[in-house]
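User: I would like to learn how to read the features of a protein model one at a time, with the general idea stated before the particular case. Could we work through it together?

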Amino acid sequence: SVAEGLRTLHQVDLLHLDLKPANIFVRKKGSKIETVIGDLGFLDEVNRRFTDFSYKPYLDKTNQPSLPLGTRHYRSPEQKDFFDIADVEVKVGSDVELVIKDPKFNDTIIEELDVVSFSQYKQDFEIAEVRTKKIGDNHSYFIRLDKGLQDEVGVVRPDKRTQVYFYKRQRHRTDLFGFGALIFELLTCGKSPERFYEAIRAYDTLEHDVESIMDLYQQISNFQSTEPGLVQIFAPFKLHESSSTYAPPEIVRLILKCMLYKANNRFFNPAGEEQQPGVTMRQVITELEDLYYSNSSRFEKLELVTQNSLYQTIPRSASASSQSATDFESDLKTLTQLKKQDFPKRLCQGIQKFEKLIGLIQTYAASEIAYFFELTPSNIIQDKAGLLGPRYTVYEDQSFYLEDVKKDSLYTKVNRGIGNPYVPTFLNFIRRPILLQGVRYNINRTPATLDCSTYQFSDISPYGSMVRENDWILVKTQGKSYLLAVNAVNSTPSDQDSWMLRLSIPVDDEEERKAYESVFKSKDGGEPIEAVFYKDLSPMQYYLNMLGIYIYHLFFVGLDGNTPDKPSLENALRSFGVDLIEKVKIATPGGLGVTRQPVQTMPKSPKKTSGGLFGRSKKVTPVQAPAPVTNPKETLMREIVLTLTWMYLKLVFVESQDSYYLEKETLEEMMISVRSSLRKLKDQVAQFVGCDVVELDQMSPKLAKKLPQLSGQFGVGTGSVSLSFNELMSELIHLSSGAERNYLKNIF
């Protein structure tokens, strides 16, 4: 609506020149929201054809420069720095040309239709043309003055060096910058667009275009670059200061195209606007429409009052109480700050949170209400009844996901920051450059496939090869993108099967398949192909991984040396690649699903395969093991923490045959299996605290009074149960390979 309003003003040769949130008015009109531009007191006529030759465009009646409009914080560059002073060489021939070689003039935004004033002549002239020539790191500017206003020849004399003033006119570009500033402030919750432009101005040059600057933004937002200057420039686009989530690139691109002055591919074209007033805002409106009308768009135009929550006004007191009651992220932080002596309380409250997370996945994902949403704490909302829901959905349908893979934009839509503990490992490297070698078009298969004799990733990953069936390869050639599905992976090529990677064409349309074949059927093992690898974004794997991550954070982070980062033993195991993880065996804790055995009944003779990851003997010296657990409460607690660890391993190591993922077929079946494990855990916890499961579910007042007493029994001394997650994991993981086991043993 604001863009339409600006276009209307520009079409009748009027400018606003003071766009800011305070000048945008919103009201209810029927069932819809109506937004209009107000405060037109500074409305300025732009159609200055200067038929009155005595009119001076930038001098008022007293021959003093007119002051620019605009409000601090929202000012465009010409409203903040509305004039330049430079020493110029004046050349006079059929035209008057000013030559500027002053390096301080390099960042000027002076352009056609701006004004030059000669102090010695006390006259001003309109600029007809600005040309630049780069010499080394500097630019020389050649400025031709307009003919028609006055006869410059004869008035202006040649001069090797004279000082002139350049005045920047406030024009359509000023309102365009103001429109970008409005979007910027809405997106960043009050950050200064004026300061943002000053920060990014070094990149607003003739040598850059909007897309090259967007490449820099996506490198920062996807943690592919840590260049301090760029990190600082794009910091306003983070969800909040401590977040690793950045604003959608589509919106950032829109802001840049409005606010940049010199970079190529921006919206504004001075000549086009002069010939057809309002054409610039028409381009803006078209791009906005594309954002919410496109089939693959994740944006919506919310015109109805009932749809758009921005219109709903909430009293401050009500808002504050609602926030405190529904902030899942704050609740999680409070829980992780509990000390070890309060572990029974953390255990009971953590189980409640974990069960609600399972319910969230079953409600939205397993029932296919949404194809994929992020399960990060910042994206979880909690209503007053305690029910959880996603704040936003990344993909409502699988087709939108596949469209983004084909456009090579998936990695910009999901949070994959390595430093974010709530991002599963497979997302950290979901997109990687890959080199396909020995590519041959195999016509002996129906349908035909592309067989690669070998492949090599072009980047460095600590997790080795990750290619598996159902992953994706994106090949960009001849100006188009071709998406190929990983049909099979052959880790041991032979003379009969010399291929290592087999790719199929995932299209049903015959015409589209022919287009693929015309590109690839000539491949005969010659030149390697540079491509992009995408790990399949499996929602089932993602949600299972996230539940495992929440087990670690709800119950273990902050205790016995457990940091918020992923457990170091897990990272070390993954460094060997997916092949090793597939061979991981996850042992069931002794107290889960079988009759509990007292500690003293453990076998005295050690078995080579029963001592956990490092093959530890059960019969160890006092130096190698913690003091024996004799307190029945601590015996039970040890079974509880091992059960939690067992659930974690079955959730995060989805490649293992013992995982929930490979044990079941559908997400709903997997969630039922996780709930079954949780019920057994709740039985153990109920026995530990001395209550029934119903009391535990309801966190009854009686149970709340009992928890402080249990805290004292839990203990934090040398004889207490260890919560070191690396130790707990090592007891339940079994590897058949002695080499990797010995390597990890040396580390841990």
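User: Which strands does the hairpin of three residues join?

Analyst: In general, strands of a sheet pair through backbone hydrogen bonds, either parallel or antiparallel. In this predicted model, a hairpin leads from strand 5 to strand 6 through three residues, and strand 5 pairs with strand 6 (residues 96-100) in the antiparallel sense over four bridges. Within this pair, Glu89 stands opposite Val99 of strand 6.

User: How many bridges link strand 5 and strand 10?

Analyst: Strand 5 (residues 83-92) and strand 10 (residues 159-167) are held in antiparallel pairing by seven bridges, and Ile85 has Tyr165 in strand 10 as its bridge partner.

User: Where is the closed barrel, and in what order do its strands run?

Analyst: The barrel consists of six strands in the order 13-14-17-16-15-18, with antiparallel pairing. Neighbouring strands of this sheet are turned against each other by 45 degrees on average, direction ignored.

User: How should I describe the packing of two helices, and what is the angle between helix 12 and helix 17?

Analyst: Two packed helices are described by the angle between their axes and the distance between the axes. Helix 12 (residues 328-336) and helix 17 (residues 539-555) pack at an angle of about 55 degrees, with their axes 7 Å apart. Helix 12 is therefore oblique to helix 17. Phe328, Leu332, Leu335 and Thr336 of helix 12 make the contact with Tyr550, His553 and Leu554 of helix 17, and these residues divide into five nonpolar, two polar and no charged.

User: What span should the residues of helix 4 have, and how far apart are its ends?

Analyst: At 1.5 Å a residue, the 17 residues of helix 4 (residues 172-188) should span 24 Å, and the end C-alpha atoms are 24 Å apart, which agrees. Helix 4 is mostly covered, with 15 of its 17 residues buried, and it is followed by Cys189, whose phi is positive, near 60 degrees. For helix 13 (residues 343-366), the 24 residues should span 34 Å, and the end C-alpha atoms are 32 Å apart, which agrees. Helix 13 is followed by Glu368, with a positive phi near 65 degrees.

User: How many helices and strands does the chain have, and what share of its residues is buried?

Analyst: The secondary structure comes to 26 helices and 20 strands, and buried residues make up 49% of the 748 residues in the chain. Of the contacts with a separation of 6 or more, 70% are accounted for by residues 24 or more positions apart.

Conventions: Residues are numbered from 1 along each chain as its sequence is written. This is a predicted model: local features need pLDDT of at least 70, side-chain atom pairs count only at pLDDT 80 or more; totals for chains, interfaces and linings use all residues. Side-chain values use heavy atoms; hydrogens and water are left out. The expected span of a helix is 1.5 Å times one less than its number of residues. Two strands pair if DSSP finds at least two bridges between them. Axes are lines fitted to C-alpha atoms, for helices over the stretch in contact, and angles run from 0 to 180 degrees between N-to-C directions. Angles under 35 degrees count as roughly parallel, over 145 as roughly antiparallel, 65 to 115 as roughly perpendicular and the rest as oblique. Contact means heavy atoms within 4.5 Å. Ala, Val, Leu, Ile, Met, Phe, Trp, Tyr, Cys and Pro count as nonpolar, Asp, Glu, Lys and Arg as charged, and the others, Gly among them, as polar. Buried means under 20% relative accessible area, exposed over 50%, partly exposed in between (1.4 Å probe, protein chains only).
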